[in-house]
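Biologist: I would like to learn how to read a model with two chains. Could you take me through it, feature by feature?

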Amino acid sequence: MKKHIAIFNLFSILCILGSAAFVSCSGKERVSAERAKEVVVYTYDSFMGEWGPGPQIAKDFEAATGYKVTYVNCGDGAQILSKALLEKNAPQSDVLVGLDNNLAGKARVGKVLVTYKAKDAEKVINPVLSEALGSDNILTPFDYSQFTLIYDTKSNVPAPESLEDLTKPVYAKKLILMDPRTSTPGLGFLAWTVAVFGSQYTSYWTSLKPSILTMSPGWSAGYGLFTSGEAPLVISYMTSPAYHVYADKTDRYKALLFAEGHVQQVEGAGVTNGAPNGKGARAFIDFLISDTAQNVIPLTQWMIPASKNVALPDCYKTAVPENAKTLPYNPDTLSDAVTGAMAILGK
Amino acid sequence: MSSKIRAAEYTAAVFAVLVFLCMCVTFLLPLGAAAVPLTGTGSGVSLDYKALLRITAYTFKIALGSTLIAAIVGISAAFFTANRSFPGRRFLLSLSAVPFCVPPLIIALGFVSVFGINGTLNTLLMKLPGLSGRPVTFLYSFTGVITAQGFYNFPLVMAVVSAAWEELPTDERDAARMLGAGDGRIFFTLTLRQLSPAVAAACIPVFLYCFFSFMIVLLFGTIGGTTLEVELFQAARTTLDFKTASALALVETVCAMTAIFVYGKLKPAYTTGGNEAHYQYERAKIGKALHESKAEKHTERIVFALSVTAVVCFFLLPLYGIFAGSTSGTDGVFVYSNIITSAGFGNAVRGTLLTAPFSAMLCVVTAFTYAWLLRLRDPEGRSTLLQTLPMLPMAVSSVVMGYGMGLVFHRGTVFLLVAAQAALVWPLAFRQIHAALSAIPQAELDSAALLSQVPLDTLFRVAVPACKKSIVSSFCFCFAVSMGDTTLPLVLSVPKFDTLALYTYRLASSYRFAASCACGTLLCVLCVVLFAAGKKNEH
């Protein structure tokens, strides 16, 4: 019996020591020769999915440079940043792809990215887009779109012409929003109201409340309800109808153009501070704004490529309104705005 | 007995204990890490206690309401699946793990397709004369949240209670009946008491799943409403306020644990050692049981009709809604062939098959090990601490665990994912295996111990065969949970790895809602087939 107990104890101790060793090793940086040929990219779900631009860009990048791309799915933009912050002392990634203008400030404060001015960036990228992500070049824009309301033309309500219109009784329970605490388009809509109404945004949200059918936790759930016909209006991207024209062969869903203007999401990519393969990371950023990579974006990412050189496909020309005015706003004030808006809605 | 078999038994026992210890380490390390930011310097927790109290109360209200609905529907359905024979009985039991394997987004879309503003019900009602507005609007309210969550989770209560009901000794019920007690009186005074451990075993996971619910609460609940999980998500993933996240994680875990311990104190101890082996009985048809009076038969038919209507309307129709949604796109039914032939689907199936069976195996081994040690140490179930301790992993939300794991493990591997899933899910297997082990009469174990050469004989020749059904059933449950998990694969960010649940979400986030519903339907079918196979094995 004593022998059995001794064996049991020995195995238990080995197991615990093994686990502890495994855990402690997992944090250590390992840079091997093989790793120097690999570029590890932290990104989000839809970018690296088989319909996203990720696979094609990786294939082209590998052919052009010889580097091997490994995408790591972190969920969404906020989770990419969260993961990068948590492993700041022992970075595992080389590139972060998918941080937008709302997250750029936090990435800067968290010092998870290093400055890198991509080759040809000045030539091909509109300076307004670069400016939206900050003037210090920690992020290079690769796509963008304005936020707007998508309208179901088969509904029996008229299309609103301004944010103020949405507060009219005719739109009671006709609007699907996303929760600004958990969703990028949700935060985008809040930023839009702050940009239009300034400090009066709280009064606007008080008036808007009866019009909201639901605030979904993410874009997928909200847009899914919209396409199921639950409400005729949903917050999404100006580029969303292009997908329906291209894939569903329908122009039923229209992006609304408001004279007061729209706020814009600009997505960027940056080199991780302390990246195990910094050289490969910089090559990837350069490639991401090349014509080869940028031409992949419109029909896979359903956003507008950052490069001025790309000619948009026909579905964009027919479905995405042009000349929308872009409103400036300060992303740093949004945390307080979220608290303010949620307090009004929670009453 | 040959020495080879003896050696194999010892190896298995040592392996089981090792697995159990590994699971403890895998669970406790990230949990401890999640609390670390609380000790750091910097700004304080950005949530006042009044707000915290309000949010906690709302979280409890939703979880309790949903669990109550799941319990009422689950127990009434369990009565029929355990005691009566009717067409579709086995199919209904096969649906028990569906809530675990289908992502909540897809379930929500299923409910919307039936009860939504533009759902089937409203479309039908609008054809009636005299109706101007859409009459069915309950979905976007507190009632909608608890209805969706209650019905979404009732199959779990039904499956566990039904299995326990089938195992109940009939002697006491027969004696009560002979003394003149009616079925109603027998149920409330005797059967319900006998079933209470099983009801608890089923209701605690349901309560916790609803306590940590996110998607359905935000989608259908009060606009601007918030729960502890939503606040935690915001702090850990949006505002990146890790100190507040740690504080919320602590409050949430303590609340969930308190609920479990309070129940542990209130519930009657398991009765072991006195039960005679039950005998197999023929299930009567609905309203045809010999011992029932005419009035009781009549009542039974009414309750059956009501239960069937509720289950069909609030569970089967939304499931059908998912299938209908899958064929609503431009591809029609070809969406299935398109998905199955896509490269991503193959990878997702491979990833699922690489993790779910192994995670389920680890769960079963861990659960059996603890349940057996508990049976030896506390055969009458008097120690609340020992009984409720294995529920700790269930009292920790996946957001908390993901947050802690993100702090500890920087680069995930498939092995780590399997271990992490098992470390969180094994309590689900434990409740079922523990119930089965508790049902072995003490006299049987004592006799086996006396007549065996070594103590392991009792384990391998009495306990394991007696729990065969529970082992198979809990394996299926854990398989389904692992298959439906989307949090840990994302948090651990395993490179070049995909699962069916992640694939389902990815389809939805790329405008492909019909394909996403199709993938959800395939997950459902996989789960049902798995459970049907498990049930077949039992018989």
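Modeller: What follows goes from the overall picture to single residues.

Modeller: This is a predicted model, so to speak of its limits: local features need pLDDT of at least 70, side-chain atom pairs count only at pLDDT 80 or more, and totals for chains, interfaces and linings use all residues. Residues are numbered from 1 along each chain as its sequence is written, while chains are lettered from A and ligands numbered from 1 in the order in which they are written.

Biologist: What share of the residues in chain A is buried?

Modeller: Start with the term. A residue is buried if 20 or more other C-beta atoms lie within 10 Å of its own, exposed if 12 or fewer, and partly exposed in between; C-beta atoms are placed from the backbone. In chain A, 54% of the 347 residues are buried. The C-alpha atoms of this chain fill a box of roughly 80 × 55 × 40 Å along the principal axes.

Biologist: How many helices and strands does chain A have?

Modeller: Both are DSSP runs, numbered from the N terminus: helices are H or I with at least four residues, strands are E with at least two. Chain A has 16 helices and 11 strands.

Biologist: Which strands pair with β10(A)?

Modeller: Two strands pair if DSSP finds at least two bridges between them. Strand β10(A) covers residues 264-272. Its antiparallel partners include β3 (residues 95-100), with 5 bridges. Strand β4 (residues 113-114) is joined to β10(A) by 2 bridges, also antiparallel. Strand β5 (residues 140-152) is joined to β10(A) by 6 bridges, again antiparallel. Now the residue pairs. A:L96 bridges to A:G270. A:L113 faces A:T272. A:Y144 is opposite A:V266.

Biologist: What domains does the assignment give for chain A?

Modeller: Domain bounds come from an automatic or database domain assignment. Domain 1 is 35-144 + 265-314 and domain 2 is 145-263 + 321-346. Their centres, taken over C-alpha atoms, are 27 Å apart. Contact means that the C-beta atoms of two residues, placed from the backbone, lie within 7 Å. Domain 1 of chain A gives 11 residues to the contact and domain 2 gives 14. On the domain 1 side there are 5 nonpolar, 5 polar and 1 charged. As for those classes, Ala, Val, Leu, Ile, Met, Phe, Trp, Tyr, Cys and Pro count as nonpolar, Asp, Glu, Lys and Arg as charged, and the others, Gly among them, as polar.

Biologist: How many residues of chain A are in contact with chain B?

Modeller: 58 residues of chain A are in contact with 54 residues of chain B. Elements giving two or more residues on the chain A side include α1 (2-26), α4 (77-86) and α16 (334-346). Helix α1(A) gives the most, with 9 residues. By class, that side has 24 nonpolar, 23 polar and 11 charged residues.

Biologist: How do I read two packed helices?

Modeller: Two packed helices are described by the angle between their axes and the distance between the axes. Axes are lines fitted to C-alpha atoms, for helices over the stretch in contact, and angles run from 0 to 180 degrees between N-to-C directions. In chain B, α15 (residues 343-377) and α23 (residues 500-508) pack at about 145°, with axes 8 Å apart. Residues of α15(B) including B:F345 and B:V349 meet residues of α23(B), among them B:L502 and B:Y503. This contact has 6 nonpolar, 2 polar and no charged residues.

Biologist: Which residues touch the most other members of the largest nonpolar core?

Modeller: A nonpolar core is a set of buried Ala, Val, Leu, Ile, Met, Phe, Trp, Tyr and Cys residues joined through C-beta atoms within 7 Å. The largest one has 290 residues, and B:V157 and B:C478 touch the most other members. Helix α18 (residues 414-438) of chain B gives the largest share, 17 residues. Domain 1 and domain 2 of chain A both give residues to this core, so it lies between them.

Biologist: Why does B:T227 count as buried?

Modeller: Because B:T227 has 25 C-beta neighbours inside 10 Å. B:T227 lies in the loop between α10 (215-220) and α11 (228-238) of chain B.
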